[in-house]
Amino acid sequence: MVMIRYSLKQLGRMKRVCILFVLFLTSAVLLLSLGSSLYGLAAANMRRLEEVFVTIGTAEQVPLSVTREKTWDAEIQDYRFRTRKTYGVPVTLSDITLPEAEYLSGPERRPYYISYDPSYRLADENTGFASIVIMEGEPYEDGVPAGPVKMHQKKVWYSFYPIDHLGDFYFCDHNNPKPEPLEAGKTYVMYLMDGLPHGWQMGENNSYEWVPAGVIGSDQTDLLGNPLEEKFPEVFYEEVTEGFYETEQGQRWLEFAGALDRTYHSVPVTPVSDLNLLMPFYRGDAYLIEGNTFTDIDYEEGRKVCLVSRFFARNNDLSVGDSLPLSLVLASYSGSTSSDASYLYWPDYRLVNAEGKAYEPFEEDDYEVIGIYDWSPGSSRENEYALGRNEVLIPATAITGDPQNNIAAYGPMKAANTSFCIPNGSIRAYQELWEAQGVEGVELHFYDKGYTELQESLKGIRRISVILLMSGIVTSLLVLVFFCNLFITKQCRRTAVERSMGMGKKQCIVSLLTGLLLLCTVGCTLGSAAGSLLTREVVQGMETGGHYDTRYSNGVMAVEGNEAEEIVLDDSVNIAVAAASGIGVLAAAVLLSLFLIRGNLKKEPLELLGRREE
């Protein structure tokens, strides 16, 4: 205790030096504490972003030109015009795959399959559908169907709604500028849909007319998108003669009628290798409400598991763990399943193959329902990325059958069905590889939900923290070296006197070290505390500068109502980091002091007393 009091008394004789030492050391530790805290904070947030954010890219074939098409309108007796995009040779997946690039998943060009099962229920009760029919009609008199021609209804081969009561109907070849004449007494089988009154006005001369619903034809292709030659011409009506339905042409009508009926019990099935590659899940428009999503093992082993929409699950009494039969009858590489948003109508493909036959299943199996998904309230269903109301999702590796003979449609590569996932922060590097590849006619789009901007912001904070950290380290060392020299090396005569008075080496160490450690403790404590407070002030700006929502994160399961938790960037200050900075400087002060004291104690007291004080 005597030596401690003596040491403090000696400090009292150097008040100004002590005050300067505390101030300088506090400033140095403040820099060190601020730099280390900011560095740790930036590093933690960057790790956090890597865990939550996902970066995906989409590829879309660019049209070569836009052509103007004209369509005859019997109502105005003139042509209506619309534009249509024309494309060149189809771009394949190998054309857009970069061997040097790192892919976390994909790239993939997803077809969608159609699964038929008579047990499927696709809509709620009392849901209205378009009146599409295949029926026979007989004109009452010869006429050209440039306007409504009255016909007598005969046999109905297909209709969702019963129309046996129709009796008579009016037919108009509404979009044909030169319709073929119809003859009274002849029977025609026709593919029609219920239209509006001719001229859009009700009245005695403006009855509802039936118009062509399309043509009986095929868009079947091979795996490269090359069309297969059709066996029969495309028609929407044909004359029915004796034995017509025993001919190949007649059989085609019966096949088509059966295929049309199956559309009311068919659902789209999309194979996926990563749910993040589906834009609705990536954006948060779709989210899991029950069960689990696909796991890595599901993808690797090609397990027969599936996710179904809440809408489809409700109408078919499906729950997690139930079995769902899938009978895949055709594949479409044209467009996306967003056409199913209107329940049933499939504009991307035709229902019979090039031989005029309905497609036969290329794979049939039972899948376990492991999850049910839904759409976020207010999410758009009117875009090409939208999922179908009855869409089923399965692992792409679960498909073991070969769909090459069941490709009902093939179109240009679209962003809605072609995507890939790359490491966060690698967009610029990927673009450089893409430009070096020299692929033409393809447009890429990248999405990272603001990761790049947040990463740059955090990198900026990290760069500043490194500067502060290095400045703190250098300043702390300079302050310690300078003042330890004043408090120890310059006190060599004091050490000589103490030793001459009979004090031992340990007592001399206590005498020199106690006061210095007290000042260092004060300076390090103040510096750590000030650094912690200043760090808190600095990072508060991050609350308004960057945040993200878990509804856009990787594999998130939303809570009821999709009220996904919003998470701000972590701005919590780690007190331990600030304290460690002060403790580190204090430990350096002790080591440096002991080193200098050891130098003083090595010399004999007489030698120290005989040295002229500098």
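Colleague: What classes of residue make up the lining of the second largest cavity?

Modeller: By class, that lining has nine nonpolar, two polar and one charged residues. Ala, Val, Leu, Ile, Met, Phe, Trp, Tyr, Cys and Pro count as nonpolar, Asp, Glu, Lys and Arg as charged, and the others, including Gly, as polar. This is a predicted model, where local features need pLDDT of at least 70, side-chain atom pairs count only at pLDDT 80 or more, and totals for chains, interfaces and linings use all residues. Residues are numbered from 1 along each chain as its sequence is written, and side-chain values use heavy atoms, with hydrogens and water left out.

Colleague: Which residues line the second largest cavity, and what makes them lining residues?

Modeller: They are I114, Y116, A259, R262, T263, S266, V329, L330, Y349, L351, A358 and Y359. A cavity is a set of points on a 1 Å grid over the protein atoms alone where a 1.4 Å probe fits but cannot get out, and a lining residue has an atom within 4 Å of a point. β5, α4 and β15 each supply at least two residues of this lining. Helices (H or I, at least four residues) and strands (E, at least two) are DSSP runs, numbered from the N terminus.

Colleague: Why is C524 called buried?

Modeller: C524 has 4% relative accessibility. Buried means under 20% relative accessible area, exposed over 50% and partly exposed in between (1.4 Å probe, protein chains only), so C524 counts as buried. C524 is found in helix α11 (residues 505-539). Leaving aside neighbours within four places in sequence, C524 is in contact (heavy atoms within 4.5 Å) with L25, V29, G582, V585 and L586.

Colleague: And why is D317 called exposed?

Modeller: D317 has a relative accessible area of 68%, so it falls on the exposed side of the cut-off. D317 lies in the loop between α7 (310-315) and β15. Its phi is near 55 degrees, a positive value in a residue other than glycine.

Colleague: What makes a set of residues a nonpolar core, and which residues touch the most other members in the largest one?

Modeller: A nonpolar core is a set of buried Ala, Val, Leu, Ile, Met, Phe, Trp, Tyr and Cys residues joined through side-chain atoms within 4.5 Å. The largest has 28 residues, and I134, Y191, W253, F256, L260 and Y349 touch the most other members. The largest share of this core, five residues, comes from α4. Y349 touches Y112, I114, L330, S332, A408 and A409, not counting residues up to four places away in sequence.

Colleague: How many disulfides does the model have?

Modeller: A disulfide is a pair of cysteine sulfur atoms within 2.5 Å, and by this rule the count comes to zero. As for burial, C172 is buried at a relative accessible area of 0%, and C421 is buried at 4%.

How values were computed: On a 1 Å grid over the protein atoms alone, a cavity is a set of points where a 1.4 Å probe fits but cannot get out, and a pocket is an open set with protein on both sides within 12 Å along at least five of seven lines; lining residues have an atom within 4 Å of a point.
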